Amino acid sequence: MPRIRRVLGLINAHLYSVEERIRSQAQAFDPAVEGYVAYACESHGKRLRPALALLAGGATGNISSSHVDLAVVVELIHAATLVHDDIMDGADIRRGEPTVNAKWGSALSVLLGDALFAHALKLSTGFSNSEVCRRIADSALEVCTGEIIQTQRRFDLKLPVMEYCRIIGMKTAALFASAAELGAFLNDATPEVISALKVFGQKLGTAYQVYDDCLDIAGDERTAGKSLGTDLEKGKLTLPLILLLQGAKGQRLEEYSEAIMRGRAEDAALLAQAARERGAFAGTVALGRQLLKDASAQLDVVPANRYSAGLSDICLSLDEMLAGYGGADS
(Lines give C-alpha, C1' and ligand atoms only; values in the text may rest on other atoms or scores of the structure.)
Protein backbone atom coordinates (compact mmCIF):
# COMPACT_ATOMS: atom_id res chain seq x y z
CA MET A 1 0.00 0.00 0.00
CA PRO A 2 1.24 3.55 -0.76
CA ARG A 3 1.23 4.65 2.87
CA ILE A 4 3.31 1.67 3.99
CA ARG A 5 5.75 2.20 1.12
CA ARG A 6 6.23 5.80 2.24
CA VAL A 7 6.87 4.68 5.81
CA LEU A 8 9.41 2.09 4.76
CA GLY A 9 11.05 4.73 2.59
CA LEU A 10 12.01 6.57 5.78
CA ILE A 11 14.16 3.65 6.89
CA ASN A 12 15.00 2.11 3.52
CA ALA A 13 18.79 2.29 3.93
CA HIS A 14 18.59 0.71 7.37
CA LEU A 15 16.23 -2.02 6.15
CA TYR A 16 18.74 -2.80 3.43
CA SER A 17 21.37 -3.28 6.14
CA VAL A 18 18.97 -5.54 8.02
CA GLU A 19 18.45 -7.67 4.91
CA GLU A 20 22.19 -7.91 4.32
CA ARG A 21 22.84 -8.96 7.91
CA ILE A 22 20.04 -11.51 7.88
CA ARG A 23 21.44 -13.08 4.73
CA SER A 24 24.92 -13.15 6.24
CA GLN A 25 23.67 -15.03 9.31
CA ALA A 26 23.31 -18.23 7.28
CA GLN A 27 27.10 -18.27 6.95
CA ALA A 28 27.41 -18.57 10.73
CA PHE A 29 25.95 -22.08 10.54
CA ASP A 30 27.62 -25.30 9.52
CA PRO A 31 27.81 -25.56 5.71
CA ALA A 32 25.46 -28.56 5.86
CA VAL A 33 22.79 -26.34 7.46
CA GLU A 34 23.50 -23.02 5.75
CA GLY A 35 21.16 -23.58 2.80
CA TYR A 36 18.19 -24.37 5.02
CA VAL A 37 18.75 -21.24 7.12
CA ALA A 38 19.08 -19.06 4.01
CA TYR A 39 15.79 -20.42 2.64
CA ALA A 40 13.93 -19.89 5.93
CA CYS A 41 15.10 -16.26 6.06
CA GLU A 42 14.25 -15.35 2.45
CA SER A 43 13.39 -11.63 2.30
CA HIS A 44 9.88 -11.73 0.93
CA GLY A 45 8.06 -10.84 4.13
CA LYS A 46 6.73 -7.51 5.33
CA ARG A 47 9.55 -7.08 7.88
CA LEU A 48 7.11 -5.26 10.16
CA ARG A 49 8.94 -6.13 13.35
CA PRO A 50 12.32 -4.84 12.12
CA ALA A 51 10.56 -1.73 10.83
CA LEU A 52 9.10 -1.10 14.30
CA ALA A 53 12.54 -1.39 15.91
CA LEU A 54 14.02 1.09 13.43
CA LEU A 55 11.11 3.54 13.54
CA ALA A 56 11.07 3.51 17.34
CA GLY A 57 14.78 4.26 17.24
CA GLY A 58 14.25 7.17 14.86
CA ALA A 59 11.34 8.48 16.91
CA THR A 60 13.46 8.64 20.06
CA GLY A 61 16.82 9.71 18.62
CA ASN A 62 19.22 8.28 16.06
CA ILE A 63 18.96 4.91 14.33
CA SER A 64 22.24 3.22 15.19
CA SER A 65 23.90 -0.06 14.26
CA SER A 66 22.46 -1.43 17.51
CA HIS A 67 18.97 -0.85 16.13
CA VAL A 68 19.89 -2.79 13.01
CA ASP A 69 21.21 -5.60 15.24
CA LEU A 70 17.94 -5.55 17.19
CA ALA A 71 15.93 -5.71 13.97
CA VAL A 72 17.92 -8.74 12.83
CA VAL A 73 17.45 -10.59 16.13
CA VAL A 74 13.71 -9.91 16.22
CA GLU A 75 13.27 -11.06 12.62
CA LEU A 76 15.25 -14.26 13.20
CA ILE A 77 12.98 -15.10 16.13
CA HIS A 78 10.00 -14.38 13.92
CA ALA A 79 11.43 -16.64 11.19
CA ALA A 80 11.83 -19.42 13.75
CA THR A 81 8.20 -19.10 14.83
CA LEU A 82 7.03 -19.25 11.20
CA VAL A 83 8.97 -22.47 10.60
CA HIS A 84 7.31 -24.03 13.63
CA ASP A 85 3.87 -22.58 12.81
CA ASP A 86 3.94 -24.08 9.33
CA ILE A 87 4.71 -27.50 10.77
CA MET A 88 1.84 -27.30 13.25
CA ASP A 89 -0.59 -25.94 10.65
CA GLY A 90 0.48 -28.23 7.84
CA ALA A 91 0.89 -25.16 5.63
CA ASP A 92 2.40 -25.70 2.19
CA ILE A 93 2.88 -22.08 1.04
CA ARG A 94 4.57 -19.15 2.75
CA ARG A 95 5.38 -15.89 0.95
CA GLY A 96 4.41 -17.50 -2.34
CA GLU A 97 6.96 -20.32 -1.97
CA PRO A 98 6.89 -23.85 -0.49
CA THR A 99 7.31 -23.83 3.28
CA VAL A 100 10.37 -25.39 4.88
CA ASN A 101 8.09 -28.18 6.09
CA ALA A 102 6.75 -28.80 2.58
CA LYS A 103 10.26 -28.98 1.14
CA TRP A 104 12.11 -31.01 3.78
CA GLY A 105 9.60 -32.46 6.21
CA SER A 106 8.75 -31.85 9.85
CA ALA A 107 11.75 -33.55 11.48
CA LEU A 108 14.29 -31.25 9.83
CA SER A 109 11.99 -28.22 10.15
CA VAL A 110 11.58 -28.57 13.92
CA LEU A 111 15.34 -28.62 14.35
CA LEU A 112 15.81 -25.70 11.96
CA GLY A 113 13.33 -23.60 13.92
CA ASP A 114 15.16 -24.50 17.13
CA ALA A 115 18.48 -23.52 15.54
CA LEU A 116 17.11 -20.14 14.47
CA PHE A 117 15.80 -19.47 17.98
CA ALA A 118 19.15 -20.39 19.51
CA HIS A 119 21.11 -18.28 17.05
CA ALA A 120 18.89 -15.24 17.61
CA LEU A 121 19.36 -15.49 21.38
CA LYS A 122 23.10 -15.93 20.90
CA LEU A 123 23.19 -12.71 18.84
CA SER A 124 21.20 -10.90 21.54
CA THR A 125 24.03 -11.46 24.02
CA GLY A 126 26.14 -9.06 21.94
CA PHE A 127 24.35 -5.96 23.23
CA SER A 128 26.37 -4.05 25.80
CA ASN A 129 23.36 -3.82 28.12
CA SER A 130 22.35 -7.32 29.28
CA GLU A 131 18.80 -6.04 29.86
CA VAL A 132 18.26 -6.08 26.08
CA CYS A 133 19.10 -9.78 25.94
CA ARG A 134 16.83 -10.51 28.88
CA ARG A 135 13.87 -8.70 27.36
CA ILE A 136 14.36 -10.44 24.02
CA ALA A 137 14.47 -13.82 25.77
CA ASP A 138 11.31 -12.90 27.70
CA SER A 139 9.46 -12.07 24.48
CA ALA A 140 10.63 -15.31 22.80
CA LEU A 141 9.34 -17.28 25.79
CA GLU A 142 6.05 -15.39 25.65
CA VAL A 143 5.62 -16.24 21.96
CA CYS A 144 6.19 -19.94 22.61
CA THR A 145 3.89 -19.91 25.64
CA GLY A 146 1.12 -18.34 23.59
CA GLU A 147 1.50 -21.03 20.93
CA ILE A 148 1.30 -23.77 23.57
CA ILE A 149 -1.87 -22.32 25.10
CA GLN A 150 -3.45 -21.90 21.67
CA THR A 151 -2.68 -25.56 20.92
CA GLN A 152 -4.25 -26.57 24.24
CA ARG A 153 -7.43 -24.71 23.34
CA ARG A 154 -7.92 -26.16 19.85
CA PHE A 155 -11.58 -26.95 19.05
CA ASP A 156 -12.65 -25.21 22.27
CA LEU A 157 -16.03 -23.88 21.14
CA LYS A 158 -16.42 -21.94 24.40
CA LEU A 159 -13.14 -20.02 24.19
CA PRO A 160 -13.85 -16.55 25.65
CA VAL A 161 -12.85 -13.42 23.75
CA MET A 162 -10.68 -12.33 26.69
CA GLU A 163 -8.70 -15.58 26.59
CA TYR A 164 -8.36 -15.32 22.81
CA CYS A 165 -6.92 -11.81 23.22
CA ARG A 166 -4.50 -13.05 25.88
CA ILE A 167 -3.26 -15.81 23.57
CA ILE A 168 -2.68 -13.60 20.53
CA GLY A 169 -1.20 -10.91 22.76
CA MET A 170 1.49 -13.45 23.59
CA LYS A 171 2.04 -15.41 20.39
CA THR A 172 1.90 -12.49 17.95
CA ALA A 173 2.05 -9.17 19.77
CA ALA A 174 4.99 -9.95 22.07
CA LEU A 175 7.59 -9.47 19.32
CA PHE A 176 5.91 -6.28 18.09
CA ALA A 177 6.03 -4.94 21.66
CA SER A 178 9.65 -5.95 22.18
CA ALA A 179 10.78 -4.39 18.90
CA ALA A 180 9.16 -1.03 19.66
CA GLU A 181 10.14 -1.02 23.34
CA LEU A 182 13.79 -1.89 22.76
CA GLY A 183 14.08 0.52 19.84
CA ALA A 184 13.45 3.27 22.39
CA PHE A 185 15.43 1.58 25.17
CA LEU A 186 18.60 1.54 23.05
CA ASN A 187 18.34 5.34 22.81
CA ASP A 188 17.99 5.77 26.58
CA ALA A 189 14.51 7.22 26.14
CA THR A 190 12.54 8.08 29.25
CA PRO A 191 10.69 5.25 31.02
CA GLU A 192 7.39 6.88 30.00
CA VAL A 193 8.30 6.80 26.30
CA ILE A 194 9.72 3.27 26.48
CA SER A 195 6.55 2.03 28.17
CA ALA A 196 4.31 3.85 25.68
CA LEU A 197 6.10 2.30 22.71
CA LYS A 198 5.88 -1.15 24.27
CA VAL A 199 2.12 -0.75 24.66
CA PHE A 200 1.96 0.65 21.12
CA GLY A 201 3.65 -2.48 19.79
CA GLN A 202 1.43 -4.75 21.87
CA LYS A 203 -1.77 -3.13 20.62
CA LEU A 204 -0.56 -2.99 17.02
CA GLY A 205 0.55 -6.62 17.07
CA THR A 206 -2.77 -7.76 18.52
CA ALA A 207 -4.66 -5.80 15.85
CA TYR A 208 -2.45 -7.35 13.18
CA GLN A 209 -3.39 -10.84 14.37
CA VAL A 210 -7.07 -9.86 14.31
CA TYR A 211 -6.60 -8.85 10.67
CA ASP A 212 -4.77 -12.11 9.95
CA ASP A 213 -7.70 -14.03 11.45
CA CYS A 214 -10.05 -12.35 8.98
CA LEU A 215 -7.63 -13.12 6.17
CA ASP A 216 -7.41 -16.81 7.09
CA ILE A 217 -11.12 -17.44 6.81
CA ALA A 218 -12.12 -15.02 4.05
CA GLY A 219 -8.93 -14.03 2.21
CA ASP A 220 -7.60 -14.94 -1.23
CA GLU A 221 -4.69 -17.37 -1.10
CA ARG A 222 -3.27 -16.08 -4.38
CA THR A 223 -2.94 -12.51 -3.13
CA ALA A 224 -2.09 -13.48 0.46
CA GLY A 225 0.91 -15.51 -0.72
CA LYS A 226 0.44 -18.18 1.96
CA SER A 227 -1.77 -21.14 2.82
CA LEU A 228 -5.14 -20.01 4.18
CA GLY A 229 -7.80 -21.92 6.08
CA THR A 230 -5.20 -23.65 8.23
CA ASP A 231 -6.59 -22.17 11.46
CA LEU A 232 -9.97 -23.72 10.76
CA GLU A 233 -8.50 -27.06 9.73
CA LYS A 234 -6.43 -27.23 12.92
CA GLY A 235 -9.28 -26.14 15.18
CA LYS A 236 -7.84 -22.75 16.13
CA LEU A 237 -10.75 -20.58 17.24
CA THR A 238 -10.17 -17.16 15.70
CA LEU A 239 -12.15 -14.06 16.64
CA PRO A 240 -14.70 -14.14 13.75
CA LEU A 241 -15.60 -17.71 14.71
CA ILE A 242 -15.70 -16.97 18.44
CA LEU A 243 -18.11 -14.07 17.88
CA LEU A 244 -20.16 -16.13 15.42
CA LEU A 245 -20.63 -18.87 18.02
CA GLN A 246 -21.41 -16.40 20.80
CA GLY A 247 -24.20 -14.83 18.74
CA ALA A 248 -25.80 -18.09 17.62
CA LYS A 249 -28.44 -20.27 19.24
CA GLY A 250 -30.27 -23.50 18.57
CA GLN A 251 -29.88 -25.01 15.11
CA ARG A 252 -27.54 -22.28 13.89
CA LEU A 253 -25.18 -22.84 16.79
CA GLU A 254 -25.21 -26.57 16.13
CA GLU A 255 -24.53 -26.02 12.42
CA TYR A 256 -21.61 -23.65 13.02
CA SER A 257 -20.17 -25.88 15.75
CA GLU A 258 -20.27 -28.95 13.51
CA ALA A 259 -18.58 -27.06 10.67
CA ILE A 260 -15.77 -25.94 13.00
CA MET A 261 -15.32 -29.41 14.49
CA ARG A 262 -15.10 -30.94 11.00
CA GLY A 263 -12.30 -28.48 10.28
CA ARG A 264 -12.65 -28.88 6.53
CA ALA A 265 -11.49 -26.23 4.08
CA GLU A 266 -14.83 -26.37 2.26
CA ASP A 267 -16.60 -25.22 5.43
CA ALA A 268 -14.64 -21.95 5.40
CA ALA A 269 -16.93 -20.37 2.80
CA LEU A 270 -20.04 -21.27 4.82
CA LEU A 271 -18.57 -19.87 8.02
CA ALA A 272 -17.23 -16.74 6.33
CA GLN A 273 -20.64 -15.97 4.85
CA ALA A 274 -22.33 -16.56 8.19
CA ALA A 275 -19.76 -14.36 9.94
CA ARG A 276 -20.56 -11.53 7.55
CA GLU A 277 -24.32 -11.94 7.75
CA ARG A 278 -24.43 -12.35 11.53
CA GLY A 279 -22.13 -9.43 12.33
CA ALA A 280 -19.14 -11.47 13.52
CA PHE A 281 -16.81 -9.88 10.99
CA ALA A 282 -18.09 -6.43 11.91
CA GLY A 283 -17.44 -7.17 15.58
CA THR A 284 -13.98 -8.48 14.81
CA VAL A 285 -13.11 -5.42 12.75
CA ALA A 286 -14.48 -3.10 15.44
CA LEU A 287 -12.19 -4.66 18.04
CA GLY A 288 -9.19 -4.50 15.71
CA ARG A 289 -9.78 -0.87 14.86
CA GLN A 290 -10.21 0.04 18.53
CA LEU A 291 -6.88 -1.60 19.27
CA LEU A 292 -5.31 0.55 16.57
CA LYS A 293 -6.83 3.71 18.08
CA ASP A 294 -5.44 2.70 21.47
CA ALA A 295 -2.04 2.09 19.87
CA SER A 296 -2.01 5.49 18.19
CA ALA A 297 -2.93 7.19 21.46
CA GLN A 298 0.34 5.90 22.96
CA LEU A 299 2.27 8.03 20.48
CA ASP A 300 1.08 11.21 22.23
CA VAL A 301 4.05 10.99 24.61
CA VAL A 302 6.58 10.10 21.89
CA PRO A 303 8.55 12.98 20.31
CA ALA A 304 6.79 14.25 17.19
CA ASN A 305 8.90 13.67 14.10
CA ARG A 306 8.71 11.84 10.79
CA TYR A 307 9.46 8.48 12.40
CA SER A 308 6.70 8.69 15.00
CA ALA A 309 4.44 9.86 12.17
CA GLY A 310 5.51 6.71 10.35
CA LEU A 311 4.39 4.59 13.30
CA SER A 312 1.03 6.34 13.17
CA ASP A 313 0.79 5.67 9.44
CA ILE A 314 1.29 1.93 10.00
CA CYS A 315 -1.80 2.02 12.23
CA LEU A 316 -3.75 3.93 9.59
CA SER A 317 -2.74 1.48 6.88
CA LEU A 318 -3.77 -1.56 8.93
CA ASP A 319 -7.01 0.20 9.83
CA GLU A 320 -7.81 0.51 6.12
CA MET A 321 -7.03 -3.17 5.58
CA LEU A 322 -9.27 -4.17 8.48
CA ALA A 323 -12.13 -1.96 7.34
CA GLY A 324 -12.42 -3.99 4.15
CA TYR A 325 -13.64 -7.00 6.12
CA GLY A 326 -16.42 -5.35 8.08
CA GLY A 327 -17.89 -2.60 5.98
CA ALA A 328 -16.87 1.05 5.75
CA ASP A 329 -18.33 2.02 9.11
CA SER A 330 -17.35 -1.08 11.09
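Modeller: Helix α9 (residues 161-171) gives the most to the lining of the largest cavity, with 3 residues, where helices are DSSP runs of H or I with at least four residues, numbered from the N terminus. This is a predicted model, in which local features need pLDDT of at least 70 and side-chain atom pairs count only at pLDDT 80 or more, while totals for chains, interfaces and linings use all residues. Residues are numbered from 1 along each chain as its sequence is written, and side-chain values use heavy atoms, with hydrogens and water left out.

Biologist: What volume does the largest cavity have?

Modeller: Its volume is about 80 Å³, taken as the space filled by probe spheres set on grid points joined across faces, edges and corners. A cavity here is a set of points on a 1 Å grid, over the protein atoms alone, where a 1.4 Å probe fits but cannot get out. The search of the whole structure finds 1 cavity of 30 Å³ or more.

Biologist: And which residues line the largest cavity?

Modeller: The lining residues, which have an atom within 4 Å of a point, are Q150, R153, L159, Y164, I167, I168, K236 and L237.

Biologist: What does L116 touch, leaving aside its neighbours within four places in sequence?

Modeller: With those neighbours set aside, L116 is in contact (heavy atoms within 4.5 Å) with V37, A40, C41, L76, A79, A80 and V83.

Key:
1 Å grid on protein atoms, 1.4 Å probe; cavity = no way out; pocket = protein on both sides within 12 Å on 5 of 7 lines; lining within 4 Å. Helix = DSSP H or I, 4+ residues; strand = E, 2+ residues; numbered from the N terminus.
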